[in-house]
Amino acid sequence: MRKKDVGPLEAAVDLELPVEELEESLDNAGEAIPAMGLEAEPEPKPDIPAELNLLPLRDSVVYPMLIAPLSVARPTSIELIDDSVASANRIIGVVAQRHPQTDEPGFDDVFEYGCAVIIRTLMKAPDAVRMIVQGIVRFKIVERISSEPYLRARIETIEDPALDPNDAEEVEALKRSVAALFDQAVRLAPQLPDELRSLTSAVQEPNVMADLVAAHMPMSVHDKETILETLDLKERLRKLLEILGREVRVLELSTKVQSEVSAELSKSQREYYLREQLRAIQRELGEGEDTGEDLLEIRSKIDAAGMPEEALKEVNREYDRLRRINPGSPEYTVARTYVETMVALPWSKETADNLDLKHVREVLDADHYGLDKIKKRIIEFLAVRKVKTDGRLRQPILCFYGPPGVGKTSLGRSIARAMDRKFVRISLGGMRDEAEIRGHRRTYIGALPGQIVQGLRRAESRNPVFVLDEIDKLGTDFRGDPASALLEVLDPEQNSTFRDHYVDAPLDLSNVFFITTANRMDTVPAPLRDRMEVIELGGYTEEEKLQIAKAHLVPKQLTEHGLKPSKLVFNDDALVFLIRHYTREAGVRNLDREVASVARKATLEFAEGRTRKLTVTRKFVQEALGAPRYLHDPVSERPLVAGMAIGLAWTPVGGDVLFIEAVKFPGKGLIVTGQLGDVMKESVTAAMSYIRANARSLKISDKVFEENEVHVHVPEGATPKDGPSAGITMLTALTSLFTGRKVRPRLAMTGEVTLTGQVLPIGGVKEKVLAAHRSGVTELILPEDNKKDYFEEVPAEIRAELTAHFVSKASQVLRIALG
């Protein structure tokens, strides 16, 4: 342990000598003095020199009239003691350090107030000097004389002021309060001996008693120094009273926590013993814990639940069994949980649909911009619901399919709000256990109903809007296939008698408005896809993003950041700049994040004192978000050469452009790279075969194929690519390579090509066209059969900026692309 200068409370530990042994050794020296007490017999106060050697103390404060053992280990401190004793002057000054960890303290590291002490006993040990000192009087440092080899200063002694007779009663009251709190602290603190409780009654002088209490209480050095520096007696007693009160409260809390922990342990043991005894008595008497009133309450809930006949029969059977089971049996909990679950299900509870079509339209428009196809479908359903007043109405089962961030999930919540229905959402992403859908059989310990039944119980309605999120991300393993379990849930012909394994009774789901969401449909099993009405949500155009930002994103971020629309205004030009140069996505999720970043920057300025209105401009956007991420469109960044062509691709996160590159060099064969799938590789082979078969009409020499090896590459090789829609792009790139002609600038294309030169239709037209527009493409080549999709799905403002060519033959593609 590192040696240190210590205070009275630490002395018995740091001296490595018990106080009793220290007193005995001093007895042998002929001078026995109680540790940290008052001197045995009063003697004349010695004269205090005007200049004193100062001994810094760690974690300790010495008070006048009190005796304290000290241990000195610093070489400079030992030299100070030696010089003081050698000069026959046993009076030194002790001052507390501001920071105990300082090894070589200077004047700035100690407090200005200290106590002049006289060395009563001195004993030298191999590793330290141990001594007992007695406080004489307070002092204040008035002049710094020297810091080497130890601190020496000119001081001004401070005598305790005489007590004003007018304050005698108040001082006595404060003294008694301090004595009472100190007595309480001694009782609560395990480290303080009980003998200290009589300390305050043995001392009559209030100033001495205050110093004595402060010396023995386990307070911080700063608190002890505060008592030392406070000269006015009433103020000193008040501060001591405040510190004592705080320490007593902490000690009371500590004692309470310890007693609660002990009581909790003993309480748990006692409860276990009593519970076992109670079970034994109940087994002998054949009685249960539940009273007849509890069972009657359950019975009334069963009667009021409105269950169908088969479910009621099953619940009654379990209820009769529950009445006969001993509550101590594990079967009792299983039976009671089942009955309570069945009672909690909304067998007959439902909410009334809001059939005000105008109101529904207003709610849908207020929550989402665009999406007219979906809004129209909801209005049509409610119109049928309004007209058909008798008979059963089949609920739609919709699948919202599109890239992330276009509002699929939030649209389900908006539909529920518009129809005044309850909303339930469960995420299917990563779900691999069939029991998550159908529930567990009650034979298993801890069995629970499936997510469908639990969702209905939470909704407390049998006709909620039920969103099954991320249906394309369902998994399968040895526990079953959740997608197969959903076949019954999402089939209008079967879900009226859906049977959960836990409920084990038919549950009518025909009134539930099911909505599923997906980013891609190729991972959804065909039978499941066939049961849903798929509605595609394409990506947003730049104009749509601008309107969404103005109507939804900006107000939302202003609210979240505590800003008023009058304080922060976004210019349309700034929003367009942000959309065009900081995001490149199909949805608006990243746009929302960037708007939030700009709002945070503005909030910071208001927090720092700005009061006038702030208008967000292009310059402010750059200050908040840094340099633009997308300065140029991808098409203009890559100059086209012979052998290059631009294709269009569909991805789960929206459309994208593909750059197809082809080169030839001496050799034979065909190399295809870029992490292409089998279908895409076959498209390259089919394009090459078409070129060789039509080489004469294309004016390409047969020697070119015999003498050269061809390498086709699609950049961004880390991204897997597949699909037949790049067929005409491969054909154009290879023809450009062999003829040496460049493809027309800013021209992109998509379409499948056959060996006979037919151009077949493809999917994802809207996403591909929007991606082409974002990337700077001005001309498109699309299959003839996709003409209707182009005019139906692509917004008119986008079509106005593009020139579209619709082709049915490969020769048309080459004529447009190569001239």
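Helices (H or I, at least four residues) and strands (E, at least two) are DSSP runs, numbered from the N terminus. The model is predicted, and local features need pLDDT of at least 70, side-chain atom pairs count only at pLDDT 80 or more, and totals for chains, interfaces and linings use all residues. Residues are numbered from 1 along each chain as its sequence is written, and side-chain values use heavy atoms, with hydrogens and water left out.

Ser 77, Leu 80, Ile 81 and Ser 84 are the buried residues of H3 (buried: under 20% relative accessible area; exposed: over 50%; partly exposed: in between; 1.4 Å probe, protein chains only). Seen down the axis of H3, these residues fall within an arc of 95°, so they line one face of the helix; the arc is that of the directions from the helix axis to the C-beta atoms. An α-helix has 3.6 residues a turn, so residues three or four places apart point the same way. On the other side of H3, Pro 75 and Ala 86 are exposed. After H3 comes Ala 88, with a positive phi near 60°.

Elsewhere, 7 strands form an open sheet of mixed pairing, in the order S18-S19-S17-S16-S20-S23-S24; two strands pair if DSSP finds at least two bridges between them. Strands S18 (670–673) and S24 (803–807) are the edges, each pairing on one side only. Strands S16 (residues 644–651) and S17 (residues 654–666) run antiparallel and are joined by 8 bridges.
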